[in-house]
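Here is a friendly briefing to read alongside the model. Please have the sequence and the 3D view open as you go.

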Amino acid sequence: MAVPVIPRLVVPLPLDEFGPCQAESAILVGALPRQRAATCPAALNVQPVPPPPSDSEAEFAWYRWILGHHGSFVAWRLLSSALDRRDTDEAAALFDAYSALLLYAGSCTPTVYATVIRPRMMARHPAMSGTWARDYRHITAQLSEFVPESGSMLKEALKFNRLVHMTVAHRLVPVGKSLLRDAGHDVHEAPTEEEQEIVDDFFLMDRAPNCAAGFVAALRARISAIIADARLNPVTEIYDRQVVNRFQEDLPEHISRVVSIAEATLLEGVNA
């Protein structure tokens, strides 16, 4: 059985800006028109994302786990920019996209999660936690300084995202705790640099310079693969929250917003 190899994703550190396009180093990436961005070597050399395996439930779940997290990483990068610009409508749409990506990534059965995904994370680090992700931590810090207004679209999207996260976690781990808690770690303690690097490497992430055109091309490849998979193999897990089940019916639509937002903010003059 050939297991699909998802290419590594290159994303700058949260506080690092995108660099200049290799094709036109004298032009700022944020001002690079889309037609010229399409000729950027970094964009042209993006590796395609293969379709998911059809003959192994375990590897199908693993494919979605990694690819769904890639989608989350790029959504977080865009979300951080939206929060910096105080674009609350855009941030709300990206939080909804992230909620949809959580449902996609965590769509395996609890049995497969317990026998395939969780053991692979434990093998990398016994306390492996998504809260160690640099981009996620950066967004959390931003939200501690910018509190959305009660009843606003952003506030509701943020509340729903937390509900989705808890709902998916409860279905996958109905009894027990997260790896972080099971390992006895203080959930409020900041992760070390090594722990943050472990998360990047585990999810096939490289922290290195990239230009906006290259980043958007890699983003398109992953979101397109996710949407194609979700349409061919709809996510139909049943949760005890009907609001989550209804939201799940429109996953491709929510996830596709990531591409349109990236194109508008990174390729049409906004230097994010």
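Which residues of helix 12 are buried? They are L251, P252, I255, V258, V259, I261, A262, E263, T265 and L266, where buried means under 20% relative accessible area, exposed over 50% and partly exposed in between (1.4 Å probe, protein chains only). This is a predicted model, in which local features need pLDDT of at least 70, side-chain atom pairs count only at pLDDT 80 or more, and totals for chains, interfaces and linings use all residues. Residues are numbered from 1 along each chain as its sequence is written, and side-chain values use heavy atoms, with hydrogens and water left out.

**Overall fold**
- The chain has twelve helices and two strands; these are DSSP runs numbered from the N terminus, with helices being H or I of at least four residues and strands E of at least two.
- Read from the N terminus, the order is β-α-α-α-α-α-α-α-α-α-β-α-α-α.
- The radius of gyration is 18 Å, close to the 19 Å of the globule rule for 272 residues, so the chain is as compact as a globular protein of that length. The radius is taken over C-alpha atoms, and the rule is 2.2 Å times the number of residues to the power 0.38.
- Along the principal axes, the C-alpha atoms fill a box of roughly 55 × 50 × 40 Å.

**Burial and contacts**
- Of the 272 residues in the chain, 50% are buried.
- Among contacts (heavy atoms within 4.5 Å) between residues at least 6 apart in sequence, 83% join residues at least 24 apart.

**Helix 12**
- Helix 12 covers residues 251-266, and its 16 residues should span 22 Å at 1.5 Å a residue; the end C-alpha atoms are 23 Å apart, which agrees. The expected span is 1.5 Å times one less than the number of residues.

**Aromatic rings**
- There are nine aromatic pairs, counted when ring centres of Phe, Tyr and Trp (its six-membered ring) lie within 6.5 Å; planes under 30 degrees apart are stacked, over 60 edge-to-face and the rest tilted.
- One of these is the edge-to-face pair of W65 and Y113, at 5.7 Å centre to centre and 65 degrees between the planes.
- W65 lies in helix 3 (residues 57-84) and Y113 in helix 5 (residues 110-124), so the pair ties together parts 48 residues apart in sequence. Both W65 and Y113 are buried.
- W62, F73, W76, Y98, Y136, F202 and F203 form one aromatic cluster.

**Charges over rings**
- R120 lies over the face of W62, at 4.6 Å from the ring centre, and R86 lies over the face of F146, at 4.3 Å.
- The criterion is NZ of Lys or CZ of Arg within 6 Å of the ring centre and within 35 degrees of the ring normal.
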